[in-house]
Amino acid sequence: MGKTAAQRAAKHGPSAGSPRTGAPGAAGAAAGPGANPQAKSSPGLVVIAGVVTTLFLFWYLHLLVLGQLTDLADGLAMPDSLVLGYGQDHLAALRAAMDADALGQLSYVHKTAGTLFPLVFGMTWLLIIGLNTQRRMLRWVLFSAPILFVVADLWENIAIDNALGAAELTGGDAALAGTLTVTRWVLLGLSLAASVVAVFTRRVGRPPELVTQDKG
């Protein structure tokens, strides 16, 4: 049976009761509370959860729900899904093909999944850029893409609902909705590119030995 610290101290002196340098106990004490690996990895877990949620919302909104609403519009695509935009004729055809219930469902989608998707995407991409960009000026330049995407996406929802639900469809309402849709898709692509730039610049700007440690 091994002796306790008190027994060793009584026999060999006070220094024998303390952990030796390099011993497991001393290493744990030296590490301190700041060396908790879970605390360091928590931002990464939040990013992973945000990316997974964003992908699910994108699939649910653009591929599932808007596709189902197309069936209620005689096969006409919903404005949100038209990357290259649309004109007054397309919105007029939708107004003629969709009854009040169908238009109400589209408006409800805009208020639920259509609102959640840009907000979750924006917060997740801001976190990705913020964690990977060291230079303050570059960080704010990259931040602009997801922030503007959120604004354009939420504004687009309102513009589409106003154009489709108005008593009379005007060219101005149609032009605003179509412009916001194209802008939204462009800003989505720029936001994805901004996250790639943030990760790339972080790797390039770090010392080679730290990059090697991350890969190991």
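Is Leu-63 buried or exposed? Leu-63 counts as exposed, because its relative accessibility is 57% (buried means under 20% relative accessible area, exposed over 50%, partly exposed in between, with a 1.4 Å probe and protein chains only). A word on the ground rules: this is a predicted model, where local features need pLDDT of at least 70, side-chain atom pairs count only at pLDDT 80 or more, and totals for chains, interfaces and linings use all residues. Residues are numbered from 1 along each chain as its sequence is written, and side-chain values use heavy atoms, leaving out hydrogens and water.

Leu-63 sits in helix H3 (residues 37-71); helices here are DSSP runs of H or I with at least four residues, numbered from the N terminus. Together with Phe-56, Trp-59 and Tyr-60, Leu-63 forms a nonpolar surface patch with about 430 Å² of accessible area.

Further along, Ala-96 belongs to helix H4 (residues 88-97) and counts as exposed at 70% relative accessibility. Asp-74 lies 22 residues from Ala-96 in sequence, and their C-alpha atoms are 9.8 Å apart in space.

Now follow the chain to helix H5 (residues 100-111) and helix H6 (residues 113-132), whose axes are 3 Å apart at an angle of about 25°. H5 and H6 are therefore roughly parallel (angles under 35 degrees). Their contact, meaning heavy atoms within 4.5 Å, involves Val-109, His-110 and Lys-111 of H5 and Ala-113, Gly-114 and Thr-115 of H6.

Finally, look at Thr-181 in helix H8 (residues 171-205). Thr-181 is buried, with a relative accessible area of 0%. Leaving aside residues up to four places away in sequence, Thr-181 touches Pro-79, Asp-80, Leu-82, Tyr-86, Glu-156 and Ile-160.

Note on methods. Patches are made of residues with over 30% relative accessible area and no salt bridge: like charges are joined within 9 Å, nonpolar side chains (Val, Leu, Ile, Met, Phe, Trp, Tyr) within 5 Å. Accessible areas come from the Shrake-Rupley method with a 1.4 Å probe; for residues, only the protein chains shown count as cover. A salt bridge is a side-chain nitrogen of Lys or Arg within 4 Å of a carboxyl oxygen of Asp or Glu. Helices (H or I, at least four residues) and strands (E, at least two) are DSSP runs, numbered from the N terminus. Axes are lines fitted to C-alpha atoms, for helices over the stretch in contact, and angles run from 0 to 180 degrees between N-to-C directions. Angles under 35 degrees count as roughly parallel, over 145 as roughly antiparallel, 65 to 115 as roughly perpendicular and the rest as oblique.
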